[in-house]
Amino acid sequence: MTTFAIVIPNLNQSHFLPWALESLRYQTEPFNLALMDGGSKDNFKEVVRQYSDIIAYLNSGPDGGQAAAIREGKRKVYGDVVAWLNADDYYFPDTLRKVSAAFEEDPSVDVVYGDAVH
């Protein structure tokens, strides 16, 4: 079974973060989540407490920006497939299952992406 290493970079986006985190509850594939916060000054800690059961690694403090947070997060969690989810985005139900199926159908595939809904 395919596992996913998912990184969510965040900085003062805690009003959006529950959407991203809740969307992970609707996934059927196993994942390890790194939540990388750049030292938010909003209600980050209160939001995170509600999702501690799905967060494998949590870091909150100054960092080198979004790209640095994603790099660091992917070093902290394991997965056959690496993905990131911005704090103000979300995955539709079964997204990870569909990504897993795409890799299983054609093992030569390196990248899978989907359409965005705006």
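1. Basis. This is a predicted model, in which local features need pLDDT of at least 70 and side-chain atom pairs count only at pLDDT 80 or more, while totals for chains, interfaces and linings use all residues. Residues are numbered from 1 along each chain as its sequence is written, and side-chain values use heavy atoms, with hydrogens and water left out.

2. The sheet. Four strands make an open sheet, and their order is E3-E2-E1-E4. The pairing is parallel. Strand E3 (57–60) and E4 are the edge strands; each has a single partner strand, so one side of each lacks a neighbour in the sheet. From one strand to the next, the twist averages 15 degrees. Strands here are DSSP runs (E, at least two residues), as are helices (H or I, at least four), and both are numbered from the N terminus. Two strands pair if DSSP finds at least two bridges between them.

3. One pairing in detail. E2 and E3 are joined in the parallel sense over four bridges. Met36 has Asn59 in E3 as its bridge partner.

4. Helices on the sheet. H3 lies across E1, E2, E3 and E4, at about 150 degrees to E1. Helix H4 (residues 95–105) lies across E1, E2 and E4, at about 130 degrees to E1. Axes are lines fitted to C-alpha atoms, for helices over the stretch in contact, and angles run from 0 to 180 degrees between N-to-C directions.

5. The buried side of H3. Which residues of helix H3 (residues 66–76) are buried? They are Ala69, Ile70 and Gly73. These residues cover an arc of only 100 degrees around the axis, which puts them on the same side of H3. The arc is taken from the directions from the helix axis to the C-beta atoms. Their cover includes strand E1 (4–10), strand E2 (31–37) and strand E4 (81–84). Buried means under 20% relative accessible area, exposed over 50%, and partly exposed in between (1.4 Å probe, protein chains only).

6. Ser14. This residue sits in the loop between E1 and helix H1 (17–25). Ser14 is buried, at a relative accessible area of 1%. Its side chain makes a polar contact of 2.9 Å with the side chain of Asp42. The Ser14 side chain also reaches the backbone nitrogen of Phe44, at 3.4 Å. A polar contact is a pair of N or O atoms within 3.5 Å; within protein, one must be able to donate a hydrogen and the other to accept it, and residues adjacent in sequence count only if both atoms are side-chain atoms. Neighbours within four places in sequence aside, Ser14 is in contact (heavy atoms within 4.5 Å) with Asp42, Asn43, Phe44 and Val47.

7. Aromatic rings. The whole structure holds two aromatic pairs. Trp19 and Tyr90 form a tilted pair, 6.1 Å centre to centre with 45 degrees between the planes. Trp19 lies in helix H1 and Tyr90 in the loop between E4 and H4, so this pair ties together parts 71 residues apart in sequence. Tyr90 and Phe92 form an edge-to-face pair, 5.6 Å centre to centre with 80 degrees between the planes. Rings of Phe, Tyr and Trp (its six-membered ring) pair if their centres lie within 6.5 Å; planes under 30 degrees apart count as stacked, over 60 as edge-to-face and the rest as tilted.
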